[in-house]
Amino acid sequence: MLRPKCSNNVLFLGYTVSDNKWPANAGRHNLGSDIMSQIDIQENERRFVVPGEEIGDSSHRSGMGTYARDGKVFASQTGIVNIRSGYINVQNFAGKYLPRQGDSVIGVIRDIGPNSWFVDISCPYNSMLHASETPWKIDYGMTGQYLQVGDVILAKVNHIDEIKNVNLTIKEHGLRKLSSGQVLEVDYTKVPRVIGKGGSMISILKERTGCKIFIGQNGVIWIDGELDGIAKATQAINIISRDAQKQGLTDTIREFLGATESHEPDEELPDAGDDLIE
Amino acid sequence: MNEKIRLINDDGLRVDGRKPDELRPIKIEAGVLDNADGSAYVEWGNNKVIAAVYGPREVQPKYLQNSAKAIVQVNYNMAAFSGDDRIRPGPNRRATEISKITAEALENVILTNQFPRTSIDVFIEILEADAGTRCAGLTAASVAVADAGIPMIDLVPSCAAGKADDQVVLDVGKLEDNIGQADLPVAYVPRTGEIVLLQMDGHLTRDEFEKALNMAIEACKDIHALQQEALKSRYSPQKEGGDAE
């Protein structure tokens, strides 16, 4: 009757996009590029917790997904415990994207003001792109000539104030309006899996489909290329999103995409924003 | 007439065969809905409850938003077919009350200050009612909140105790609720030892109250373990086999 969404999944040790470091002994087991095979070995260190479980004492500082009470650290979210540079964190499996300063995100223009745009970056808060944060010189009231409602932009979170008003910028190198291609959305907690360890997954996707792919930290993914390639990449990303907790995901995707390389992406389609994403 | 129906027999067993301090069988499952951010399904005896959580998301209507923290909005609803008689759909006095007390219980454990100006919306749907739906609803709702990845201090188990045939009993059943002497729903946060919901319907002496409260709190600890198990088995296949209890 009522069944859980994922019935035969295996836990994975998540990691953040900004920090590709792995536990010191992760590389000890030389089992190829797939992160899952290495994680499985670390059975003893992998700990799945639910809110309220005690995960550390005063020797650790409370990090993401945790809270401190009475000199102890407890989990506040469902996920996997990891310890990094003195902080104890819980890498969550679910939740809403909360923008942080410096995140690169993909957003859709939702409304136009005389001096700014309101951008949907799939988070609970309004985010704004001011005319002064664009590379263009825009006269008052002329914002609509540059970006229209429905346009997609690759932006960076410039500033968030204390009541969580988000300000974006597209001034930096590589940030721009995305004028072709398609956009799809996955859960932001699955972004590290779509990128893969050290970018292994994303490079397979790019290589085998001949597409340009940008992944925003808000979970919005932009794909551009041949229609067949886009369709293939979309299917592959949906598989990653569905099976995010399964083992051997890189192999599954490699198998799914086959050996065909329709393009040499690096020559035909230079990736301006690559460094921003990975 | 009430005297003629005996709620506890000579062997000390209740009408459904339970001992005075025995819970009805409870089954909890997390992540049952695809379109909600978090969800949970609870079968508690003959009660069947489904809870869905959406958010944190923008507050609607806007004037309700709080610039310091998230607000928790709960909608408790009994399906028209959930009871013996058809229940007229729509909010009523009782549903409004249960929505309010459930929201307040959850507000005490959710770290609302991490999401200012947002709303966490919880929908509790009673599919089948057989006494104790507010406890089952809160138990399901807290698992659903955790399933949605919303930061919280702890899961909130909830359970009722009461009095039937002059005896304190745990997890009051339908008949005991209707003709019994008292009903005492409790929600307890095991992590902090706080009581986040306490109501009483009927009469209890001070000693009976103490006994009922302690009984309910002990039961909450058992339910808490089931809640944790439900969340853990959502992500691990080996526990699917059914050692949940």
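Okay, hi everyone. Please keep in mind that this is a predicted model. Let's begin with chain A. Chain A has seven helices and 16 strands. Of its 278 residues, 40% are buried. If you take the contacts in chain A with a separation of 6 or more, 62% of them are between residues 24 or more positions apart.

Now, one helix to look at: α4 of chain A, residues 227–242. How far apart are its end C-alpha atoms? They are 23 Å apart, and because 16 residues at 1.5 Å a residue should span 22 Å, the two values agree. Which residues of α4(A) are buried? Here's the list: G229(A), I230(A), K232(A), A233(A), A236(A), I237(A) and I240(A). On the face turned away from the buried side of α4(A), you'll find the exposed residues L227(A) and N238(A).

And what covers the buried residues of α4(A)? The cover includes three strands of chain A, namely β14 (182–185), β15 (212–215) and β16 (220–224). It also includes the chain A helices α2 (191–195), α3 (200–209) and α5 (249–257).

Staying in chain A, let's go to a sheet. This one is an open sheet of four strands, in the order β1-β6-β7-β3, and the pairing is mixed. Which strands stand at the edges? They are β1 (48–49) and β3 (61–62) of chain A, and each has a single partner strand, so one side of each is left without a neighbour in the sheet. The partner to look at here is β7(A), residues 87–92, which pairs with β3(A) in the parallel sense over two bridges. If you want to find that on screen, R61(A) has Y87(A) in β7(A) as its bridge partner.

On to chain B. Look for β3(B), residues 47–58. Buried or exposed, how does this strand come out? It is mostly covered, with nine of its twelve residues buried. β3(B) pairs with β2(B), residues 38–44, in the antiparallel sense over seven bridges. In that pairing, W44(B) is opposite N47(B). The two strands make a hairpin with two residues between them, and G45(B) in the turn has a positive phi of about 60 degrees. β3(B) also pairs with β5(B), residues 118–128, again antiparallel, over nine bridges. There, I50(B) stands opposite E125(B).

Next, the cores. The largest nonpolar core has 82 residues, and A51(B), V122(B) and A140(B) have the most contacts inside it. Helix α2 of chain B, residues 133–147, gives the largest share of this core, nine residues. Leaving out residues up to four places away in sequence, A140(B) touches A40(B), Y41(B), V42(B), V49(B), I50(B), A51(B) and I124(B). A second, separate core has 45 residues, including I121(A), I170(A), C211(A) and I253(A).

Last thing: where the chains meet. How many residues does each chain bring to the contact? Chain A brings 27 residues and chain B brings 35 residues. On the chain A side, 13 are nonpolar, eleven are polar and three are charged.

How values were computed
Residues are numbered from 1 along each chain as its sequence is written. Chains are lettered from A and ligands numbered from 1 in the order in which they are written. This is a predicted model: local features need pLDDT of at least 70, side-chain atom pairs count only at pLDDT 80 or more; totals for chains, interfaces and linings use all residues. Two residues are in contact if their C-beta atoms, placed from the backbone, lie within 7 Å. Ala, Val, Leu, Ile, Met, Phe, Trp, Tyr, Cys and Pro count as nonpolar, Asp, Glu, Lys and Arg as charged, and the others, Gly among them, as polar. The expected span of a helix is 1.5 Å times one less than its number of residues. A residue is buried if 20 or more other C-beta atoms lie within 10 Å of its own, exposed if 12 or fewer, and partly exposed in between; C-beta atoms are placed from the backbone. Two strands pair if DSSP finds at least two bridges between them. A nonpolar core is a set of buried Ala, Val, Leu, Ile, Met, Phe, Trp, Tyr and Cys residues joined through C-beta atoms within 7 Å.
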